[in-house]
Amino acid sequence: MREWMVFAKKERCDHYKALQEIGFIDWAKARNFRFEIGDIVYVFSSEERKIIFKTVVVADNVSRGDSAYWFEKAPQPLTCRLKAEKEYTGNNLSEELLMEHGFKGRRSIQHPLCGNRELMEYIREQFEFS
């Protein structure tokens with residue numbers, strides 16, 4: 001099991017609402033990263049500038065099921081399904097605080113992030129104690 005952080009662009013899709021209402025989002029697969037079933041994925045919102053949800057990968061190679069939450073035509077390639085595990089309502093996962101724990105920000109938010117041990121440990125602790 002690996003831990004990831006992905007970057008949900010509010011101007012493209014209301015990921016937050018999808019996670020609250022249907023309990024999942026579907027994430028398009030790409031060559032430069034591979035989620036596996038059981039991986040933990042933290043969802044960072046471009047609007048709130050903080051992590052808003054902890055999800056877990058529950059399925060791979062599924063058709064998109066969250067199209068109703070997209071503001072534009074939803075991409076249709078096969079996806080990984082990220083099931084909502086826990087919404088984060090605290091104040092310790094803002095972009096500023098994440099940067100104090102190894103988050104680089106800027107261009108790094110364009111791709112899923114994995115392997116930053118210090119950052120993932122900090123995020124995991126915030127979910128454990130919230």
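## Basis of the description

Contact here means heavy atoms within 4.5 Å. The model is predicted: local features need pLDDT of at least 70, side-chain atom pairs count only at pLDDT 80 or more, and totals for chains, interfaces and linings use all residues. Residues are numbered from 1 along each chain as its sequence is written, and side-chain values use heavy atoms, with hydrogens and water left out.

## Nonpolar cores

A nonpolar core is a set of buried Ala, Val, Leu, Ile, Met, Phe, Trp, Tyr and Cys residues joined through side-chain atoms within 4.5 Å. Buried denotes under 20% relative accessible area, exposed over 50%, and partly exposed in between (1.4 Å probe, protein chains only). The largest such core has 20 residues, and Ile 25, Trp 27, Phe 35, Val 41, Val 43 and Leu 82 have the most contacts inside it. At least two residues of this core come from each of S1 (3-8), H1 (15-21), S2 (24-28), S3 (40-45), S4 (50-62) and S5 (79-87); helices (H or I, at least four residues) and strands (E, at least two) are DSSP runs, numbered from the N terminus.

Beyond its neighbours within four places in sequence, Ile 25 contacts residues including Ala 18, Leu 19, Val 43 and Leu 82.

## Thr 55

Thr 55 belongs to strand S4 and counts as buried because its relative accessibility is 0%. Its side chain reaches the backbone oxygen of Val 41 at 2.7 Å.

## Pro 75

Pro 75 lies in the loop between S4 and S5. Pro 75 counts as partly exposed, because its relative accessibility is 25%.

How values were computed
A polar contact is a pair of N or O atoms within 3.5 Å; within protein, one must be able to donate a hydrogen and the other to accept it, and residues adjacent in sequence count only if both atoms are side-chain atoms.
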